[in-house]
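Please open the structure in your viewer and get ready to select residues by number. We will take the stops one at a time.

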Amino acid sequence: MKFVNGRLILPDAIKPGSLSVREGRIQRVNTAGRTQQSKQGTLDLRGGFLAPGFIDLHVHGALGFDTMDATAAAFRTITEFHLRDGTTSITLTTMTAAEADILKVLEAARPLRDHSIGGARMVGIHIEGPFISKEKPGAQDAKHIRPPRAAEWKKYLRYGRLVTEMTLAPEHPGAVPLIRALRRNGSIASGGHTNASERELQPALKAGLNHGTHTFNCMSTATKQGPYRVAGMLEFALARPEIVCELIADGEHVAPTLMRMLFNAKGRDGVCLITDAMGGAGMKPGTIYRAGGEDALAAKVTKRAALTVDGRALAGSTLTMIEAVRRASQLGGLPLEDAVRMASLNPARQLGRAAEFGSLEPGKRADLVWFDRSFRVKGVWLDGDVRFFR
């Protein structure tokens, strides 16, 4: 298969050119000149953008389904929905819940790791909570928040690399051994839903804390302790190059000015765009759904986001990755190649899989998304196989 007459979004630039795929891998990237278009198996991109498939590290659901449903049918619906907007690899994300419910998700996902059941490739599970702060619960169910105990988290880590990430509050007693265990497992250790101060974050960083969950949201900020001003998780994450920051780039969770501040502080390698999409993604405004399963918080879809039914707080998002890329570029002022990098190569690096996917380079999986200048997705390929075409 050859893709011609496209604008290729490479790691460092956008260049006109062509790309060829053989046996599911990128065979050649050509930006030197025109490619013959009349041969069979050639697709004319008509000047559109060809980018590496997007990788969403933090996504809960879509179309009324949630990761906490813990069924193949739910996983299929969620991954199919997000694939149509350019996501080719996905880490389905749990919510703060009972131990048995989290284990149920892991058990349901285990045979599906690194497989597609019709939609995006399921690369693993992001466990968000239950080891978070009661002061920063967000839309999480506070009654299930608890401190990390090895007797519990060791059960989760028995699933090995299926656990791609865990969000936790680093200030909890017992958080440091958990962070060390996550890093030994090859998992992302992410500070989020946290009220930690810099004093509590320093040992967490030394233990291997390397990520910040939905930066600015449910995250401690600078406070005054006596006569002194001390950093919270936000400032700590902005200042430390070891920490890569997630961003819900919808312009609602984080205002455009703050988005720009994050991009300026972290640079193009320090941010991963995420959706944090809930079950309300893809549903009409006014729809009521449960943010995390039948017994979870009720939320309502609006034209701009998802809110708790009383309208007082955000409850996840209804974002897609193509929209995250568009808004990061248009609202956040990023060059398009940098926005795409934050949606593909950066998350691949955090997963430890950048040699496999995340950029348009020979030898990598042919996970591709074609979109036009209006950010309308025209086609998505997974391992060189077309999975969506408009």
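Is Cys218 buried, partly exposed or exposed? Select Cys218 and show the surface: with a relative accessible area of 24%, this cysteine is partly exposed. Keep in mind during the tour that the model is predicted.

**Stop 1: the cysteines**

A disulfide is a covalent bond between the sulfur atoms of two cysteines. A search of the whole structure turns up 0 disulfides. Cys218 is in none, and the nearest cysteine sulfur, which belongs to Cys245, is 15 Å away. Now select Cys245 together with Cys272. The closest cysteine sulfur to that of Cys245 is in Cys272, at 9.2 Å, which is too far for a bond. Cys245 has a relative accessible area of 0%, so it counts as buried.

**Stop 2**

Side chains of opposite charge can pair when their charged atoms come close. There are 21 salt bridges in the whole structure. For one of them, select Lys155 and Glu99, whose closest N and O atoms are 2.7 Å apart. Lys155 sits in helix α3 and Glu99 in helix α2 (residues 99–109), so this pair ties together parts that are 56 residues apart in sequence. Both ends are partly exposed: Lys155 has a relative accessible area of 30%, and Glu99 is at 23%.

**Stop 2: an enclosed helix**

Next, select residues 336–343, which make up helix α9. Why can we call this helix largely enclosed by the rest of the structure? The reason is that 8 of its 8 residues are buried. Among them are Leu336, Asp338 and Met342.

Asp338 is buried at 13% relative accessibility, whereas Arg268 is partly exposed at 31%.

**Stop 3**

Zoom in on Arg158, found in the loop between α3 (150–157) and β11 (163–168). Arg158 counts as exposed, at 66% relative accessibility.

Conventions:
Residues numbered from 1 in each chain as written. Predicted model: local features only at pLDDT ≥ 70, side-chain atom pairs only at ≥ 80, totals over all residues. Heavy atoms only, no water. Helix = DSSP H or I, 4+ residues; strand = E, 2+ residues; numbered from the N terminus. Buried < 20%, exposed > 50% of the residue type's maximum accessible area, 1.4 Å probe, protein only. Disulfide = S-S within 2.5 Å. Salt bridge = Lys/Arg side-chain N within 4 Å of Asp/Glu carboxyl O.
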